[in-house]
Amino acid sequence: MTNRTDPYGRTIDYMRVSIIDRCNLRCRYCIPEDIQWLPPKEILTLEEIAEICRQAAAIGIRKIKITGGEPLVRKGCLDLIHMIKSIPDIEQVTLTTNGTLLTPCAKRLSQEGLNAVNVSLDTLDREKYAKITGRDALADALAGIAEMEKYKIPLKINAVLQQGVNDGDWQTLIQLAKDRDISVRFIEMMPIGHGRQFASISNEDILEKIQEQYGPLEKVQKILGNGPAAYFHIPGFRGDVGFISAIHGKFCHACNRIRLTATGQLKPCLCYEDHISLKEAVRGGSPADVQRLLLAAIAQKPAGHCFTQNREKITEKKEMAQIGG
Ligand code: SAM
């Protein structure tokens, strides 16, 4: 039962899997300080998540990204990675994390064969980091990054820039790519959850500023990662600089993903509240039921988001942390 092609001819082979809504940071655009956590019984068990990934593999999903909340806050995250890595048709299991809890997990992540890690890091300035994330944890995030390098787990840094907060921090962030095998990517702020209250800095402006300093940059033609980033090479740098321009460079025509929330909601698109619940099927149904619902979500994918035009049509009300990014 495989038809992972959506109505617009896009091949859907990538699933982002949020395993928890909780996070140990409070990035102001992502998660409000007074957020109400979901009761644990609402959240899928690790075995249920693994079973959904098994059925996703059966319909043609090949790449899984573990996300949250903060995935490493969930006890058993590493066991789940082990379970998903054991699914024969899954080709890549990757993790997105704020990095602050990575250090004690590094050895096991390496043993499990985790394919890559994204670390979300918006600044290298300790005070600014505390202001953005609500926690004085920059040193922990940097230690986590160093551990990933020690174990040679491929690493990307993802940064969201905010006007008047860290809009100039691209200068220091890209230095991480100078002498290290690290790609640094800039993600445009999207109007989801608290992100609606922030203006989105255009990645084109960031690229222009980088070029003012480093001269014209060459676009990297290879595909790095699971999707929409455009990469550029700065002469003399080991890592590349990437841009995920969901707002100013809409890339929905190349969308390859569905999203599973921690409560078992399968989202065809980040922008809309529409979802299909897998919880009942994975708790009481058959593998074929789960597969049918996965295919239904792919069949329901819209042509694209409406972040730039018709913003009033954005129906998703959840915070990004409750979706997984
Ligand atoms: N805690 C994990 C992490 O830090 O990667 C996973 C969850 S977090 C929601 C995933 C990513 O979404 C982070 O890189 C975060 O900066 C980004 N994010 C959150 N809200 C956003 C928004 N409104 N627009 C763009 N990116 C956002």
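What volume does the second largest pocket have? About 490 Å³. This is a predicted model, where local features need pLDDT of at least 70, side-chain atom pairs count only at pLDDT 80 or more, and totals for chains, interfaces and linings use all residues. Numbering runs from 1 along each chain as its sequence is written, and side-chain values use heavy atoms, with hydrogens and water left out.

**Ligand site**

- The ligand has 17 residues around it, and Y29, G69, T96, S120 and M190 come nearest (a residue is near if one of its heavy atoms lies within 4 Å).
- T96 puts a polar side-chain atom 2.7 Å from a ligand oxygen (a polar contact is a pair of N or O atoms within 3.5 Å).
- On its own the ligand exposes 550 Å², and the protein buries 94% of that (Shrake-Rupley areas, 1.4 Å probe).
- Sorted by class, the shell holds seven nonpolar, eight polar and two charged residues (Ala, Val, Leu, Ile, Met, Phe, Trp, Tyr, Cys and Pro are nonpolar, Asp, Glu, Lys and Arg charged, and the others, Gly among them, polar).

**Second largest pocket**

- Of its 23 lining residues, P154, L155, D181, I182 and S183 are closest to the centre (on a 1 Å grid over the protein atoms alone, a pocket is an open set with protein on both sides within 12 Å along at least five of seven lines, and lining residues have an atom within 4 Å of a point).
- Two or more lining residues come from each of β3 (92–97), β4 (116–120), α5 (138–150), β5 (155–160) and β6 (182–187) (DSSP runs, with helices of at least four residues and strands of at least two).
- The lining splits into seven nonpolar, eight polar and eight charged residues.

**Cavity**

- The whole structure has one cavity of 30 Å³ or more (a set of points where a 1.4 Å probe fits but cannot get out).

**Aromatic pairs**

- There are four aromatic pairs in the whole structure (ring centres within 6.5 Å; planes under 30 degrees apart are stacked, over 60 edge-to-face, the rest tilted).
- Y214 and F237 pair edge-to-face, 5.5 Å centre to centre with 85 degrees between the planes.
- Y214 belongs to helix α7 (residues 203–214) and F237 to the loop between β8 (230–233) and β9 (241–244), so this pair ties together parts 23 residues apart in sequence.

Key:
A polar contact is a pair of N or O atoms within 3.5 Å; within protein, one must be able to donate a hydrogen and the other to accept it, and residues adjacent in sequence count only if both atoms are side-chain atoms. Grid points are joined across faces, edges and corners, and a volume is the space filled by probe spheres set on the points. Rings of Phe, Tyr and Trp (its six-membered ring) pair if their centres lie within 6.5 Å; planes under 30 degrees apart count as stacked, over 60 as edge-to-face and the rest as tilted.
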